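Please read this briefing alongside the model. It moves from strands to the pocket, then to single residues.

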Amino acid sequence: MEAKTLLQEHIAKTASLTQEEFDYFFSHFKPLSFKKGQTIISEGDKVDCEYFVVSGCLKAFFINDEIKMYILQFAMPTWWTSDYNALYNQTPAQINVDCITDAEVLCLSSSDREKLCAEFHQIEHFFRWRTNKGYIASQKRLLSFMNNNVKTRYEELLALYPQLYNLVPKHLIAAYLGVSRETLSRLHNS
């Protein structure tokens, strides 16, 4: 699906914009293409954009002092990603974002997002709704980590996003769940 159509359908689920308003909104996005393995945001970078995924799959992750990777998010088509702390607070990035597959994204700068929100109540409504949904998803994931064993977390992940199992390498699913690749293999085979 064409990037503009995909974004328009995504926005229309929450906000009502005329075609003219949407065209103006869309004019603020910059299309970008990335190859599998390519980095979009590295720890320490200045972050001034968030990314709407048109095609492909990205991951947002953190690497601790022991060089262990923790995946915070997989981002598939119609999902948004960035290092939001760095974006909103103008601090150096702590989160890395890179491509699991070749990817097409639309980049929206922080200044353009703020301008659009000030100009259009419906755009502000959309971004508030999206932020709330992201916050709820983060709470659910945190509660699952605190309350559920790894088998239950794995089953929840596959129930919510069945396409991940064939799209994302198993070691990355294991990093998302906070377990080793071997543990993930045992769970999958049980």
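S4 and S5 pair in the antiparallel sense over six bridges. Strands (E, at least two residues) and helices (H or I, at least four) are DSSP runs, numbered from the N terminus. Two strands pair if DSSP finds at least two bridges between them. This is a predicted model, in which local features need pLDDT of at least 70 and side-chain atom pairs count only at pLDDT 80 or more, while totals for chains, interfaces and linings use all residues. Residues are numbered from 1 along each chain as its sequence is written, and side-chain values use heavy atoms, with hydrogens and water left out.

**Strands and hairpin**

- Phenylalanine 61 stands opposite isoleucine 71 in S5.
- The hairpin of S4 and S5 has five residues between the strands.
- Isoleucine 67 sits in the loop between S4 and S5. Its phi is near 65 degrees, a positive value in a residue other than glycine.
- Isoleucine 67 counts as exposed because its relative accessible area is 68%. The classes are buried under 20%, exposed over 50% and partly exposed in between (1.4 Å probe, protein chains only).

**Open sheet**

- Four strands form an open sheet in the order S1-S8-S3-S6, with antiparallel pairing.
- Its edge strands are S1 (29-34) and S6 (80-81), each of which pairs on one side only.
- Strands S3 (residues 49-55) and S8 (residues 103-109) run antiparallel and are joined by six bridges.
- Tyrosine 51 has cysteine 107 in S8 as its bridge partner.

**Annotated domain**

- The UniProt annotation "domain: Cyclic nucleotide-binding" comes from an unreviewed entry and covers residues 13-116. UniProt positions are given in the numbering used here, feature names are shortened, and annotations may be inferred rather than shown by experiment.
- Over residues 13-116 the chain is 20% helix and 40% strand. The end C-alpha atoms of this stretch are 18 Å apart.

**Largest pocket**

- The largest pocket has a volume of about 1600 Å³. A pocket is an open set of points on a 1 Å grid over the protein atoms alone, where a 1.4 Å probe fits, with protein on both sides within 12 Å along at least five of seven lines. The volume is the space filled by probe spheres set on the points, which are joined across faces, edges and corners.
- It is lined by 39 residues, and the closest to its centre are Gln73, Lys133, Gly134, Ala137 and Ser138. Lining residues have an atom within 4 Å of a point.
- Elements that each supply at least two lining residues include S4 (58-63), S5 (69-75), H3 (84-89) and H6 (150-160).
- H5 gives the most to this lining, with 14 residues.
- By class, the lining has 21 nonpolar, ten polar and eight charged residues. Ala, Val, Leu, Ile, Met, Phe, Trp, Tyr, Cys and Pro count as nonpolar, Asp, Glu, Lys and Arg as charged, and the others, Gly among them, as polar.

**Glutamine 90**

- Glutamine 90 lies in the loop between H3 and strand S7 (96-99).
- It is not a glycine, yet its phi is positive, about 55 degrees.
- Glutamine 90 counts as exposed, at 53% relative accessibility.

**Threonine 183**

- Threonine 183 lies in helix H9 (residues 181-189).
- Threonine 183 is buried, with a relative accessible area of 19%.
- Its side chain makes a polar contact of 3.0 Å with the side chain of serine 180. A polar contact is a pair of N or O atoms within 3.5 Å; within protein, one must be able to donate a hydrogen and the other to accept it, and residues adjacent in sequence count only if both atoms are side-chain atoms.
- The side chain of threonine 183 also makes a polar contact with that of arginine 186 (3.1 Å).
- The C-alpha atoms of threonine 183 and glycine 134 are separated by 28 Å.
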